[in-house]
Amino acid sequence: MERHIALELARITEAAALEAACWTGRGDKHSADNAATVAIRSRISSVDMDGTVVIGEGEMDEAPMLYIGEKVGNRRGPKIDVAVDPLEGTETVANGLNNAISVIAAAPQGNLLHAPDIYMAKLAVGPSLAGKLSLDDPVEITLAKASNILNKPLSDMTVSILDRERHQDMISALREAGVRIKLLSHGDVMGAIEAAVDSEVDLYVGSGGAPEGVLAAAALRCLGGEMQGRLLPDTPEEEKRCQQMGLSDPKRLLGMDDMVGRGNVLFVATGVTSGDLLSGVRYLPNQKAETHSVIMHSMNRTVSYLKTIHHLSGTLDNLTEAAI
Ligand code: VTB
């Protein structure tokens, strides 16, 4: 895929981040999400691609914009699958917390898994552990193997996991094993990515949204890491939905090829509120704002960071960009 598509997509996540960040701490996750979605939808049609949303805001009948199957781009470029989460961390923004991003991943048509909006059990690792662990192992075994491969005592390892009631047993097992734990309030796309960049996190475990799993897998492909996943349909309806989306055996273990295929993948994200990898939107004097984005390509395994100063006009409730 063309490099300029990645840059154009980053401009779009920047715009979404600027719009969403206006809602920081204002207790209104719907408005924050809507602002980001409108920003992306209104700009993505100009991108030189013949794109189809495979992960977006929902089904056509429930999402007016960026619904699954929606055609995006100006149809003049390559045929591309687009996975988009205009605001990953709606509650995070609403509560003024860290680690919200606007994110888009793309790959040649047919490469990205059409993941239903249900939970997925996940294991994400960086290059040193890629291909060496199994989501099927109990977490204690996974830790022991990882500690051995990394040549690090368990007490020097850090594992990140969403802070959820459903993870209580796993968190107890992690504590028992003596590793450090990074509990995430939300945002397991970044949580998984952190396992594959130079950070203190060695592993990401636990269950989170399946769409977020595919987004993270796209980034991990670019970083040489690995994501393993298993969908967790809870009801016969959810199981049927998986099947309708092309997964004849919804509970089978999903590897990187299942989630992001083998084609060239790109991943762009812009920080809305600050996280460990990306700073959030910073409002500057004189109607300016600064955004921080990451652009990753799987082909050359490049990871670029983009800092942009935007000139803004309008009030914070009705933000419009004069120029980006
Ligand atoms: C995660 C996380 C999201 O949902 O996927 C999580 O990345 C999973 O759902 O930011 P639960 O909140 O029910 O655990 C979010 O927290 C919100 O979409």
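**Salt bridges in the predicted model**

E70 forms a salt bridge (a side-chain nitrogen of Lys or Arg within 4 Å of a carboxyl oxygen of Asp or Glu) with R41, and the closest N and O atoms of this pair are 2.4 Å apart. The pair links distant parts of the chain, since E70 sits in the loop between β1 (50-55) and β2 (71-72) and R41 in helix α2, 29 residues apart; helices (H or I, at least four residues) and strands (E, at least two) are DSSP runs numbered from the N terminus. E70 is buried, with a relative accessible area of 5%, whereas R41 is partly exposed at 24%, where buried means under 20% relative accessible area, exposed over 50% and partly exposed in between (1.4 Å probe, protein chains only). The structure is a predicted model, in which local features need pLDDT of at least 70 and side-chain atom pairs count only at pLDDT 80 or more, while totals for chains, interfaces and linings use all residues. Residues are numbered from 1 along each chain as its sequence is written, and side-chain values use heavy atoms, with hydrogens and water left out.

By the salt-bridge rule the count comes to 18. One of these pairs is E91 with K29, whose closest N and O atoms are 3.4 Å apart. E91 belongs to helix α3 (residues 90-94) and K29 to helix α2 (residues 29-44), so the pair ties together parts 62 residues apart in sequence.

The side chains of E59 and R241 also meet in a salt bridge, at 2.9 Å from N to O. Because E59 lies in the loop between β1 and β2 and R241 in helix α8 (residues 236-244), this pair ties together parts that are 182 residues apart in sequence. Salt bridges that share partners join K182, E194, E200 and D276 into one network.
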